[in-house]
Amino acid sequence: METDPQRMERIVSLCKRRGFIYQAGEIYGGLNGVWDFGPLGVELKRNLKDYWWRVMVRERDDVVGMDGSILTHRAVLQASGHEDTFSDPMVDCDVCKRRFRADQLAEPPAFFGLFDIVFLGNNDSHIGQTKRSAGGDSLADAKRKVKIQAAYIQPRETKDLRIDLESGKKGNRTPCCTHCGSDLSESEARPFNLMFHTQIGASSDPTSTAYLRPETAQSIFVQFRNVLDTSRKKLPFGIAQIGKAFRNEINPRNFIFRSREFEQMELEYFCAPEEGLRLLDYWLEERLKFYDNIGISRAKLHVLNVPDADRAFYSKGTYDIEYEFPFGVQELEGVAYRTDYDLTQHQTASGKPLDYFNEETKERFVPHVVEPSAGVDRTLLALICEAYDEEIVTAENGKSETRTVMRFHPRMAPIKVGVFPLLKNKPELVAKAREVHALLKPHMMTFYDEAGAIGRRYRRQDEAGTPFGLTIDFETLGERGDELRDTVTLRYRDSMKQERIAIGDLLTTLLPKVH
RNA sequence: GCGGGUGUAGCUUAAUGGUAAAGCUGUAGCCUUCCAAGCUACUGACGAGGGUUCGAUUCCCUUCACCCGCUCCA
C-alpha cells in the first residue's frame with residue numbers, strides 16, 4: 001500500500017496538541033523510543049484495556065485473569081529461551097549493510113575450520129571480525145556458519161583474547177564480509193541485549209540478575225499450576241493478563257508503534273493437544289470481532305497466515321493480524337498455537353509438574369496453548385489513525401474550512417459527552433448546565449466547557465473525538481414553552497446534526513452507546 | 001546500527017553575527033440565542049553541550065530527538 005508520511009505527521013501533531021501522546025522526557029530532549037500518555041491518551045488506553053478485559057475475561061466462563069510482576073526471575077527467561085535469543089553479538093558490514101547475528105543456534109562448532117573469527121574483549125564491548133573462507137560455501141551457508149560461530153563465542157568467554165579458531169592460537173588475518181567481501185577489520189561486533197536487566201538487592205553479583213519482562217506471557221506459564229489449583233477451572237480454559245513489557249529495540253520507529261516500553265494484552269488459552277489447531281482458528285475469529293467492536297474497519301485489517309519458515313520453531317500455526325497504518329501494513333496482534341513448548345520448558349527447568357490430569361479420560365498430559373497476544377499501544381495507534389479525519393465544511397456565508405475530527409467509536413472515545421451552556425453570561429444557563437454535568441459525571445467521562453462561542457466548543461471536542469455534545473439553551477429553561485422545558489440540544493460529532501432530548505432520558509440514551 | 005532529511009512559542013511559518021516577528025491555538029475579561037464570529041489584554045520559542053567571536057538562534061564541532069530509506073522486529 002501507499003504510505004502517507006504527511007498524514008502521519010498531522011496525526012502525531014494532533015496527539016500532542018490535544019494531549020493524547022507526548023514524548024517521554026521531552027523537556028530534556030526526549031528519550032528514544034519511549035512515550036507518555038496525556039489526559040486524553042490515558043482515557044483512550046483505559047477504554048481499550050477495559051473493553052478487552054470485559055470481553056476476554058469477565059464475559060467468559062472459561063478465562064480468569066492475573067497480574068504478574070514486571071521484575072522477572074532470571075531462571076524463567078533462561079527456561080523460556082529468551083536469555084539466549086535476546087542477547088546476540090552482531091557484526092555490521094559498512095559496505096553492503098549486512099548484519100550477522102547469532103541466532104538460536106547451540107550446535108557444536110563443527111565449521112570452525114572455515115572461518116576466522118577474532119574477538120577482542122574489552123570489558124563489556126567486543127570487537128569482532130569475520131572472514132569468509134576459501135571453501136566456496138554458498139552465501140546462505142556462509143552466513144549460517146558465521147552465526148553458529150558467533151553464538152558459540154559468548155562475550156563472557158572472550159576476555160582479552162584473540163582467538164584463531166582454526167589453529168587455536170592467537171592470531172589475526174584480514175576479515176571480510178561474507179556477503180560482499182569487504183574488509184571488516186574496523187567493524188565492531190556488539191552484543192545486543194534485547195532484554196533490560198537489573199539487579200535485585202544491594203549486591204550486584206551475577207546471581208542477583210533479574211530482567212524486566214520482555215512479554216507478559218511467561219508469568220502466566222510460571223503460575224499455571226497455582227491458577228489451575230486455585231481457580232477450579234478445567235481444560236480448556238485461559239489465563240489473561242494486561243501489563244507492561246520491555247524490549248531494548250535496536251531501532252524504535254513509527255511513533256509509538258515500536259516502543260521500548262509497551263503494554264500487552266495477552267491470553268494464554270490452555271487446551272488438549274488435539275484441540276490446538278481448531279482453537280487457533282476460533283481465537284482468530286474472536287479477535288477479529290473485537291477489532292470490529294472497537295471501530296477498526298475490517299477493510300484495513302489483514303490476516304497473515306505466517307508460513308512455516310517464518311514461525312517460531314515450536315509453533316504449529318500463527319496468524320498475524322495487521323493494520324494499514326499510514327506508514328505501512330504492520331502487525332497489531334499475533335494469534336499463535338504454541339503447542340506445549342512453554343509449559344514443557346518450565347516443567348523441565350523447574351522440576352515441578354505442570355501437567356494436567358483429565359478426570360474423565362484418565363489422561364495426563366502437558367496442556368497445549370493458543371495465545372492471542374495484542375499490543376495495547378499499537379492498537380491505540382490504530383484507533384487514532386482510523387479515527388483521524390479531515391473534512392471540508394462550508395459555512396452559510398460560503399466560507400470553507402477544514403474540520404479535523406477524531407471519529408472514535410463512542411465505546412473508545414476518551415470523553416463521551418461535552419456539556420455546554422449556550423451562553424456563559426446567563427447564570428440560569430450555567431447553573432442548569434452544571435446540573436446536567438453533575439448528573440452524567442458518575443456514569444461516563446464528561447467535559448464541561450463554557451468558554452467562548454458554542455461553535456468553537458463543538459470543534460474543540462471534534463478534535464478530542466467526543467461523540468456527543470449537550471447544549472443547555474433557552475428552550476431548556478422553558479422560554480419556548482413547557483414542552484421543551486428540561487430538554488437539551490444533543491449534537492452528534494460525526495454528522496453535526498442536532499436533536500432535542502429530555503434531560504431525564506439522557507442516561508438511558510447515552511449509556512448503551514458508550515458501553 | 002548505516003545513509004539521507006529536519007529541529008525557532010502548543011501548532012504553522014518569518015527574520016537576523018547585535019533587544020527574535022506574526023497568524024492560529026491557549027488563558028482572562030467583554031460580547032455572543034447553535035458550528036473555530038468580534039473586541040481587549042496576557043502567557044509563551046531559537047532541542048542540548050562545547051568552540052570561534054567583544055557579542056552566536058545564525059558560523060564550526062559534538063550530542064539528543066523526530067521523519068524517510070535500509071537493517072531489525074524472538
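Hi everyone. One definition before we start: two strands pair if DSSP finds at least two bridges between them. Keep in mind that this is a predicted model.

Let's begin with the seven-stranded sheet. It is open, its pairing is mixed, and the order reads E3-E12-E13-E19-E16-E15-E14. At the edges we have strand E3 (63–65) and strand E14 (301–305), each with a single partner strand, so one side of each has no neighbour in the sheet. From one strand to the next, the twist averages 25°.

Zooming in, E12 (residues 237–246) and E13 (residues 261–271) run antiparallel and are joined by ten bridges. Ala245 has Phe262 of E13 as its bridge partner. Two helices pack on this sheet. Helix H8 (residues 276–293) touches E13, E14, E15, E16 and E19, and its direction makes about 145° with that of E16. Helix H10 (residues 376–387) touches E12, E13, E15, E16 and E19, at about 35° to the direction of E15.

On to the five-stranded sheet. This one is open with mixed pairing too, ordered E23-E22-E24-E25-E26. Strand E23 (446–448) and strand E26 (498–502) take the edges, and the twist averages 25° from one strand to the next. E22 (residues 417–421) pairs with E24 (residues 468–472) in the parallel sense, over five bridges, with Phe420 opposite Thr471 in E24. Here helix H11 (residues 427–440) packs against E22, E23 and E24, its direction making about 160° with that of E22.

Last, a quick check on helix H2 (residues 39–58). At 1.5 Å a residue, its 20 residues should span 28 Å, and the end C-alpha atoms are 27 Å apart, which agrees. Its buried residues include Leu44, Tyr51 and Trp52. Thanks, everyone!

Notes: Residues numbered from 1 in each chain as written. Chains lettered and ligands numbered in written order. Predicted model: local features only at pLDDT ≥ 70, side-chain atom pairs only at ≥ 80, totals over all residues. Heavy atoms only, no water. Helix = DSSP H or I, 4+ residues; strand = E, 2+ residues; numbered from the N terminus. Axes fitted to C-alpha atoms, helices over the stretch in contact; angles between N-to-C directions. Contact = heavy atoms within 4.5 Å. Expected span 1.5 Å × (residues − 1). Buried < 20%, exposed > 50% of the residue type's maximum accessible area, 1.4 Å probe, protein only.
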